[in-house]
Structure formats: structure tokens, C-alpha cells
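Biologist: I would like to learn how to read helix packing and charge pairs in a model. Can you take me through an example?

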Amino acid sequence: MATSSAQAVALPSTAGAAAMPPLAIAAIFLIAGVNKIGGYEGTQGYMAAMGVPGLLLPLVIALEVFGAIAIIVGWRTRLFAFLFAGFSIVSAAIFHSALGDQAQFLLFMKNLAMLGAALLIAGIHAAAVRGLDHQRETDPRRFARQQGRILVLAGVSGHHRHAVLLHQRLGPGL
């Protein structure tokens with residue numbers, strides 16, 4: 001029996017897929033930290049040119065290398081994800097703030113993406129991702145009532161009749 005190409009593609013397991021974001025961001029920081037070791041003087045000079053004391057470079061390298069390793073092995077993941085989030089936004093503001101330069105703009109946006117990834121790894125996504133979707137999946141009636149409230153508030157301003165009809169359809173739970 002012939003298999004279609006869709007059946008032949010192996011999709012990652014949920015556990016495998018969940019491991020990808022921490023490993024991906026850890027790889028980025030690990031490589032960056034190792035590269036800073038190899039180009040220590042150049043990195044230190046760049047930091048100084050941007051107004052950041054070069055004496056901070058060992059701390060940056062330690063955060064990038066040891067933080068990445070900690071995330072890879074799953075030790076203090078939330079802590080290091082928060083540290084990476086803070087590092088990403090601070091370094092974007094300091095080193096990539098010339099947004100008129102397309103390369104700097106892209107690097108700034110890359111840092112924002114890394115900020116978002118780090119916050120997702122830290123578990124900050126729960127409220128945003130699980131917001132309306134989570135309510136709809138867990139309690140469709142409650143979700144409908146909440147959406148009704150929003151519509152009623154919007155409808156009262158100009159179309160009271162529609163708000164009353166909507167209230168009657170969704171019941172007294174509003």
C-alpha cells in the first residue's frame with residue numbers, strides 16, 4: 001500500500017517540540033558567548049565605544065555561556081530565561097538603537113524576538129496564550145457571556161435595542 005507524503009513526514013512529539021525553544025535560544029547565547037571569548041579585545045573595544053565599560057565583558061560571557069548551559073540541562077531555566085530576556089532588551093537599547101540603519105534595525109528586532117522567546121521559556125506566555133482560547137475551550141458558556149459583556153458595552157452607546165436583545169439571548173448571567 002502506498003503512503004502519501006503527508007503520512008511519511010514524522011512530526012516531532014510534544015515533548016520534543018517543547019524542548020526546541022529552550023535549546024534554540026540557549027544555542028544562540030552559547031555561540032555568542034564563545035565568540036566573545038575568541039574576539040575578546042574586539043568585543044571589549046566595541047563595548048567601550050558604545051559607552052559600556054569593557055570590565056563587564058567577563059560577566060556577559062559568564063551569563064551567555066553558563067546561562068545557556070543551565071537552560072540546556074534544565075537547571076534554573078526560569079531564572080536564566082528572565083536574565084536572557086533582560087539582557088536582550090538592554091543590549092538592544094544600547095548596541096542596536098540606531099534604527100535608521102537597516103542592519104541595526106534588524107538586530108534590534110532580533111533582540112526583541114529573543115526577548116519574546118525568553119519570556120515564553122520563563123512561562124510568561126500563560127496569560128496571553130491561554131487567555132480567550134483557554135476560556136473558550138474550558139468553559140464555552142462563560143466565554144460567550146464574557147464576549148456578550150464586551151458587545152453589550154459596545155452596543156449600549158448607540159444601539160440600546162441590540163444590547164437588550166443580546167442580553168436576552170445570552171441570559172441573565174451577564
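Predicted model: local features only at pLDDT ≥ 70, side-chain atom pairs only at ≥ 80, totals over all residues.

Biologist: How do I read a helix pair?

Modeller: Two packed helices are described by the angle between their axes and the distance between the axes. Take helix H4 (residues 57–73) and helix H5 (residues 77–95). Their axes come within 9 Å and cross at roughly 140°. The crossing is left-handed.

Biologist: Which residues in H4 meet H5?

Modeller: Among them are Val60, Leu63, Glu64 and Ile71. On the H5 side, the partners include Phe80, Phe84 and Phe87. By class, this contact has 10 nonpolar, 2 polar and 1 charged residues.

Biologist: At what angle do H5 and helix H6 (residues 102–122) cross?

Modeller: Roughly 165°, with axes that come within 8 Å. That angle makes H5 roughly antiparallel to H6. This crossing is left-handed too. H5 contributes residues including Phe82, Ala85 and Ile89, and H6 contributes Phe108, Leu112 and Leu115, among others. The contact divides into 16 nonpolar, 5 polar and 1 charged residues.

Biologist: Now the charges. How many salt bridges does the structure hold?

Modeller: Side chains of opposite charge can pair when their charged atoms come close. This structure holds 1 salt bridge. Lys36 pairs with Glu64, and their closest N and O atoms are 3.1 Å apart. Lys36 lies in helix H2 (residues 14–38) and Glu64 in H4, 28 residues apart.

Biologist: Are Lys36 and Glu64 buried or exposed?

Modeller: Both Lys36 and Glu64 are buried. Glu64 is also one of the H4 residues that meet H5.

Note on methods
Residues numbered from 1 in each chain as written. Heavy atoms only, no water. Axes fitted to C-alpha atoms, helices over the stretch in contact; angles between N-to-C directions. Helix = DSSP H or I, 4+ residues; strand = E, 2+ residues; numbered from the N terminus. Left-handed = near helix turned anticlockwise from the far one by under 90°. Contact = heavy atoms within 4.5 Å. Nonpolar A, V, L, I, M, F, W, Y, C, P; charged D, E, K, R; others polar. Salt bridge = Lys/Arg side-chain N within 4 Å of Asp/Glu carboxyl O. Buried < 20%, exposed > 50% of the residue type's maximum accessible area, 1.4 Å probe, protein only. Parallel < 35°, antiparallel > 145°, perpendicular 65-115°, else oblique.
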